[in-house]
Amino acid sequence: MDKKIAVIRGDGIGPEIVNEAIKVLDAVAEKYNHKFEYTDVDMGGCAIDKWGEPLPKEMLERCLASDSVLLGAVGGPKWDNVPGDKRPEKGLLALRGGMKLYSNNRPAKLWSQLAEASPLKPSIVEKGIDFIVVRELIGGVYFGEHTTVNKDGEETATDIMEYAEHEIERIGRIGFETAMKRRHKLTSVDKANVLDTSRLWRKVMHRLKDEYPEVEYSDMLVDNAAMQIVKDPSQFDVIVTENLFGDILSDEASMITGSIGMIPSSSLGDGGCGLYEPIHGSAPDIAGQNKANPIGTILSAAMMCRFSFDMPSEADAIENAVTKALDAGLRTGDIMQEGCTLVGCKEMGDAILSYLE
Ligand code: NAD
């Protein structure tokens with residue numbers, strides 16, 4: 001199969017971790033007789049430096065012309081003081097909006113080899129952590145109107161949260177479909193005791209659940225969900241929720257697994273083309289030092305094979321190679337444990353490559 005992959009290396013550790021993922025993708029292409037063709041895309045701080053904006057139109061077009069997009073990370077202190085509409089993160093929002101990616105899928109999986117890294121008690125961890133947060137990505141309060149006005153002599157700010165039925169239904173379906181491919185359990189998270197958007201959310205989800213009788217469905221209020229994720233994460237298989245709640249809960253979910261350097265993510269729309277990226281940022285504190293953990297990016301490449309390219313064996317092969325590297329005791333600094341061998345970003349990539357071959 002021939003696939004075109006747009007590659008956004010971005011800023012900070014972005015170029016280092018993406019290079020390792022591309023090495024792995026190249027090995028997969030060779031082993032399984034595919035041809036992956038890469039197109040470089042400038043986005044984030046590096047695009048601001050080169051083009052004066054975080055995502056020039058031509059760069060977005062390169063992404064839209066590809067079968068999928070692989071992203072490292074963007075941002076860093078160098079661009080902290082540029083005007084709000086020109087910040088590196090604006091490039092990411094423009095890319096998600098431009099590609100119409102309404103579903104962000106983030107697995108929270110604890111690797112048994114790294115169980116000690118979880119901040120949760122062993123009695124909780126040993127029950128297992130393996131769930132996925134499906135977050136609505138281009139609606140809700142982040143995309144509503146934001147205003148700050150002077151009212152009665154003081155500054156008053158308003159952010160509007162809005163959801164239309166079709167926006168809830170399409171993300172709800174992704175939640176049910178994801179549950180169908182896993183352990184058939186879906187928890188829909190909202191704040192229906194307070195918010196109208198949540199009451200509409202719940203109404204649409206209840207309508208959908210009749211179409212998926214095989215899925216064990218439940219509603220949960222967001223404050224309770226935040227507690228349950230640390231109290232007993234083993235109860236979850238798939239969580240589906242709106243943008244703001246999903247932003248917070250997916251960060252909480254990744255934290256309990258130990259290292260943000262390990263976690264991949266995918267963002268999908270209606271077409272097969274998706275955006276695949278590790279969940280962490282550009283880690284400026286370790287950039288250019290060969291210290292970054294490339295596993296989150298390599299696993300993002302595996303997700304790309306599975307979800308956008310329909311290559312499950314290739315995805316399994318990458319994930320198994322990661323497992324073997326961890327089993328061999330290889331660790332980057334962020335996941336280092338006593339008795340293990342400390343390796344750099346490049347060496348971790350090389351090791352995963354060798355287990356793939
Ligand atoms: P961060 O995720 O970059 O770093 C937080 C901590 O985790 C740091 O100590 C870092 O060294 C460590 N870390 C992160 N990824 C790692 C990896 N792969 N291997 C080893 N250690 C790793 O978060 P931050 O410091 O809050 O943000 C830095 C910059 O990244 C900011 O400009 C922020 O806006 C941006 N950011 C970008 C994205 C994105 O591109 N999707 C996401 C979040 C933050």
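A pocket is an open set of points on a 1 Å grid over the protein atoms alone, where a 1.4 Å probe fits, with protein on both sides within 12 Å along at least five of seven lines; lining residues have an atom within 4 Å of a point.

Keep in mind that this is a predicted model: local features need pLDDT of at least 70, side-chain atom pairs count only at pLDDT 80 or more, and totals for chains, interfaces and linings use all residues. Residues are numbered from 1 along each chain as its sequence is written, and side-chain values use heavy atoms, with hydrogens and water left out.

## Where that pocket sits

The largest pocket holds about 820 Å³ of space, a volume being the space filled by probe spheres set on the points, with grid points joined across faces, edges and corners. It has 26 lining residues, and Ile132, Arg182, Met303, Arg306 and Phe307 are the closest to its centre. Helix 10 gives the largest share of the lining, 4 residues. (Helices are DSSP runs of H or I with at least four residues, strands are runs of E with at least two, and both are numbered from the N terminus.)

Why does the largest pocket lie between domain 1 and domain 2? Because domain 1 (1-110 + 259-357) and domain 2 (119-256) both give residues to its lining. The domain bounds come from an automatic or database domain assignment.

## The second largest pocket

By class, they split into 13 nonpolar, 9 polar and 8 charged.

Helix 9 (243-255) hands over the largest share of this lining, 5 residues. Domain 1 and domain 2 both give residues to the lining of the second largest pocket, so it lies between them.

## Two nonpolar cores

In soluble globular proteins, nonpolar side chains tend to be buried together. A nonpolar core is a set of buried Ala, Val, Leu, Ile, Met, Phe, Trp, Tyr and Cys residues joined through side-chain atoms within 4.5 Å. Buried means under 20% relative accessible area, exposed over 50%, and partly exposed in between (1.4 Å probe, protein chains only).

The largest core has 44 residues, and Leu70 and Ile352 touch the most other members. Elements giving two or more residues to this core include strand 1 (2-10), helix 1 (14-32) and helix 12 (345-356). Another core lies apart from it, with 21 residues, among them Ile138 and Tyr217.

## A few residues to look up

Find Asp42 in the loop between strand 2 (35-40) and helix 2 (45-51). With 16% relative accessibility, Asp42 counts as buried. Its side chain makes polar contacts with the side chains of Lys50, at 3.1 Å, and Trp51, at 2.9 Å. (A polar contact is a pair of N or O atoms within 3.5 Å; within protein, one must be able to donate a hydrogen and the other to accept it, and residues adjacent in sequence count only if both atoms are side-chain atoms.)

Most residues other than glycine have a negative phi. Asp152, not a glycine, has a positive phi of about 50 degrees. Asp152 sits in the loop between strand 6 (146-151) and strand 7 (154-159), and at 77% relative accessibility it counts as exposed. Ala283 also has a positive phi, near 40 degrees, and lies in the loop between strand 12 and helix 10.

Technical notes. Nonpolar A, V, L, I, M, F, W, Y, C, P; charged D, E, K, R; others polar.
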